[in-house]
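Trainee: I've got a model open and I'd like to go through how its features get their labels. Can we talk it through?

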Amino acid sequence: FWLLFSIQFFMTTGIAFVTAHIVGIVTASGFGAAVGETTARLEGARTTSYFLAASIPGRILCGSLAERFSKRGVMAAAYVVLIASGLTLMRLEGFGSLYAFVTLYGLGLGVLVVFPLLVADNFGLKAFSTLIGIMAVPFTFGAALGFVSAAKLFDVSGSYSSVLSMQMSLFAICAVLTLLAKPPRKAADSA
């Protein structure tokens, strides 16, 4: 339970880092320097729409893979894709790297579809709705903390590199915790 609780918290914190600050990240990047602040802000604002659109095939793909393969393995792979998106964002220089980020981040957001399946695998379906409701607690606190702490990291460091490094670290922690989150014997038998 606590591993899943922690995964949900760290995952949401990492997602909030980028979601809340994408305009600033794009504007402060090499891309922003190349295209100018006004264009960079506009593209940064559009980026949210782009990665949300890219998350649709990401969710379908991750859901489909989770039905065929290990849910934990699919989630861990999605976190690796999210880490790759962070590396791409750190080196944002032009439209090509912006669209690479959008594609990777959108595909990685497919992890959101697999998380409830991991809850069901670990605890069965009898209390599934209640457990998903409980998992809204780390989701809410993770999002709130992500928005604020990313801003504080930027204020202290003067750079989004520290924000993106922390985000990638959170996703790496999620990948490890996901692989450790094995179903208890009893829950696996009752599902």
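This is a predicted model: local features need pLDDT of at least 70, side-chain atom pairs count only at pLDDT 80 or more; totals for chains, interfaces and linings use all residues.

Trainee: What makes H1 roughly antiparallel to H9?

Mentor: Helix H1 (residues 2-28) and helix H9 (residues 161-180) pack at an angle of about 155 degrees, and their axes are 9 Å apart. Angles over 145 degrees count as roughly antiparallel, so H1 gets that label against H9.

Trainee: How do you know which residues make the contact between H1 and H9?

Mentor: Contact means heavy atoms within 4.5 Å. On H1 the contact includes Leu3, Phe10, Phe17 and Ile25, and on H9 it includes Val163, Phe171, Cys174 and Leu180.

Trainee: What kinds of residues make up the contact of H1 with H9?

Mentor: The contact of H1 with H9 has 17 nonpolar residues, 5 polar and no charged.

Trainee: On to the largest pocket. Why is Arg59 counted as part of its lining?

Mentor: Lining residues have an atom within 4 Å of a pocket point. Arg59 is listed in the lining, along with residues including Thr12, Phe51, Leu109 and Phe147, so Arg59 meets that cut-off.

Trainee: How much space lies in the largest pocket, and which element gives the largest share of its lining?

Mentor: The largest pocket holds about 190 Å³ of space. H1 gives the largest share of the lining, 4 residues. The elements giving two or more residues are H1, helix H3 (37-68) and helix H8 (136-157).

Trainee: How does the lining of the largest pocket divide by residue type?

Mentor: The lining has 9 nonpolar residues, 2 polar and 1 charged. Arg counts as charged, so Arg59 is the charged one.

Methods. Residues are numbered from 1 along each chain as its sequence is written. Side-chain values use heavy atoms; hydrogens and water are left out. Axes are lines fitted to C-alpha atoms, for helices over the stretch in contact, and angles run from 0 to 180 degrees between N-to-C directions. Angles under 35 degrees count as roughly parallel, over 145 as roughly antiparallel, 65 to 115 as roughly perpendicular and the rest as oblique. On a 1 Å grid over the protein atoms alone, a cavity is a set of points where a 1.4 Å probe fits but cannot get out, and a pocket is an open set with protein on both sides within 12 Å along at least five of seven lines; lining residues have an atom within 4 Å of a point. Grid points are joined across faces, edges and corners, and a volume is the space filled by probe spheres set on the points.
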